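These are my notebook entries on one structure. I set down what I looked up, topic by topic.

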Amino acid sequence: MSARPLRIVMNGVTGRMGYRQHLLRSVLAIRDDGGLLLSDGSRLPVEPVLVGRSAARVGEIADRHGVERWTTDLDEALADPAAQVYFDSQVTSAREKAITAAIAAGKHVYTEKPLAESLEGALTLARLAAEAGVRTGVVADKVYLPGLVKLRRLLDAGFFGRVLSVRGEFGYWVFEGDWQPAQRPSWNYRSADGGGIVMDMFCHWSYVLESLFGPVRAVTARAVTHVPERVDEQGERYAATADDAAYGIFELPDGVVAQINSSWCVRVFRDELVEFQVDGTEGSAVAGLRECRVQHRATTPMPVWNPDLPATERFREQWQPVPDNAELGNGFRVQWEQFLRHVVEGGEHPYDFLAGARGVQLAELGLRSSAEGRRFEVPEVRA
């Protein structure tokens, strides 16, 4: 394998996720460890090229981390014949145009989700990529995180017997921005800018549910805007036009039903910001991003309902932790490495543009379900 660096154009690294997870903890971490570990045991150097709208911000990040190449001109970066991969973590509304240009330039594309603002847009990108013969990937970080890796291990081992149901809770309170700064950018709460928790989180639930239990067959959802006004980064009040909470029921193969609440208007009373409880005939598990605990049929106690007496059982203590049994690294980096090996060696990568399109489809159907008050079946997506 050539020692020539794998050059990656990274667009949108001044944002929170683009900088922390994708640049700092993934691509730069791979670079600083000597490069991408290949199947033959050798390492291929990687070299990021940073792209952003603000020269001052992009240049400062480049200087801070010893990145030689950066620009505010995406066309200039894509014109570089040495650049093989394009990555996009911009705001959703800017993504389709940039990815279309990257495909036209012959670059392999890896992108944050949602892939596009609509299913039609996502399928157009998938067709363009297929016609150009470039490899594609959409971020599916949750299934690479330790908690869900352990949950996958339990499923593969048949721990649950017949799976009956899945219950998921995700979210936290995002400050309105008046007396404390908001933890998320204001565009997240404006529908015109591609905001909304349904488009954000249903894309995640699509690949999580599909990877663990099978494709979503039908969806019923209620999307709401609980906080109608917020304060932006300049201290100006604005109308929050995008949904900030969603309550969904997802029908899966073999009669499995998943219920997932997603909210930026909920205070956390659980061990992790997202948790999934899976119940089956032989056992149950609760998995977060890092931890997973189980209760087997043989060790399930018999709680007795008595509202007149205090509870005497400590229910959480009746569950057992699932051990790591392996080094389980940062999920974003793990998927980056898988995608880059897919580009260089042709290895497997299941989360391509069609997978991304299925996420956009589920979000669209969730919003339609909420608007029309009815259940929608999920048809098969074809490029």
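I began with Trp-336, which is buried, with a relative accessible area of 0% (buried means under 20% relative accessible area, exposed over 50%, partly exposed in between, with a 1.4 Å probe and protein chains only). The model is predicted, so I note that local features need pLDDT of at least 70 and side-chain atom pairs pLDDT 80 or more, while totals for chains, interfaces and linings use all residues. Residues are numbered from 1 along each chain as its sequence is written, and side-chain values use heavy atoms, without hydrogens and water.

**Aromatic pairs**

I searched the whole structure and found 13 aromatic pairs. Rings of Phe, Tyr and Trp (its six-membered ring) pair if their centres lie within 6.5 Å; planes under 30 degrees apart count as stacked, over 60 as edge-to-face and the rest as tilted. One of the pairs is Tyr-110 with Trp-336, edge-to-face at 4.7 Å centre to centre with 75° between the planes. Tyr-110 lies in strand β7 (residues 108-111) and Trp-336 in helix α8 (residues 331-345), so this pair ties together parts that are 226 residues apart in sequence. For these elements, helices (H or I, at least four residues) and strands (E, at least two) are DSSP runs, numbered from the N terminus. Tyr-110 also counts as buried, at 1% relative accessibility. I found that Tyr-110 and Trp-336 form one aromatic cluster with Phe-87 and Phe-339.

I next looked up Tyr-189 and Trp-264, which form an edge-to-face pair at 5.3 Å centre to centre, with 70° between the planes. Tyr-189 is in the loop between β9 (163-171) and α7 (197-212), and Trp-264 in the loop between β14 (257-263) and β15 (274-280), 75 residues apart. Tyr-189 is buried at a relative accessible area of 1%, and Trp-264 is buried with 1%.

**Charges over rings**

Which charged end sits over the ring of Tyr-189? I found that of Arg-230, 4.1 Å from the ring centre (the criterion is NZ of Lys or CZ of Arg within 6 Å of the ring centre and within 35 degrees of the ring normal). The charged end of Arg-267 sits over the ring of Trp-173, 3.9 Å from its centre.

**The sheet**

I traced an open sheet of 6 strands in the order β5-β4-β1-β6-β7-β8, with parallel pairing (two strands pair if DSSP finds at least two bridges between them). β5 (69-71) and β8 (136-138) stand at the edges with a single partner strand each, so one side of each has no neighbour in the sheet. Strand β4 (residues 46-51) pairs with β5 in the parallel sense over 3 bridges, and Val-49 stands opposite Arg-69 in β5.

**Helix packing**

I recorded helix α6 (residues 146-156) and α7 as packed at an angle of about 30°, with their axes 10 Å apart. The two helices α6 and α7 are therefore roughly parallel (angles under 35 degrees count as roughly parallel, over 145 as roughly antiparallel, 65 to 115 as roughly perpendicular and the rest as oblique). Axes are lines fitted to C-alpha atoms, for helices over the stretch in contact, and angles run from 0 to 180 degrees between N-to-C directions. The contact (heavy atoms within 4.5 Å) includes Leu-148 and Leu-151 of α6 and Val-208 of α7.

**Arg-162**

Leaving aside neighbours within four places in sequence, Arg-162 is in contact with Gly-280 and Thr-281.
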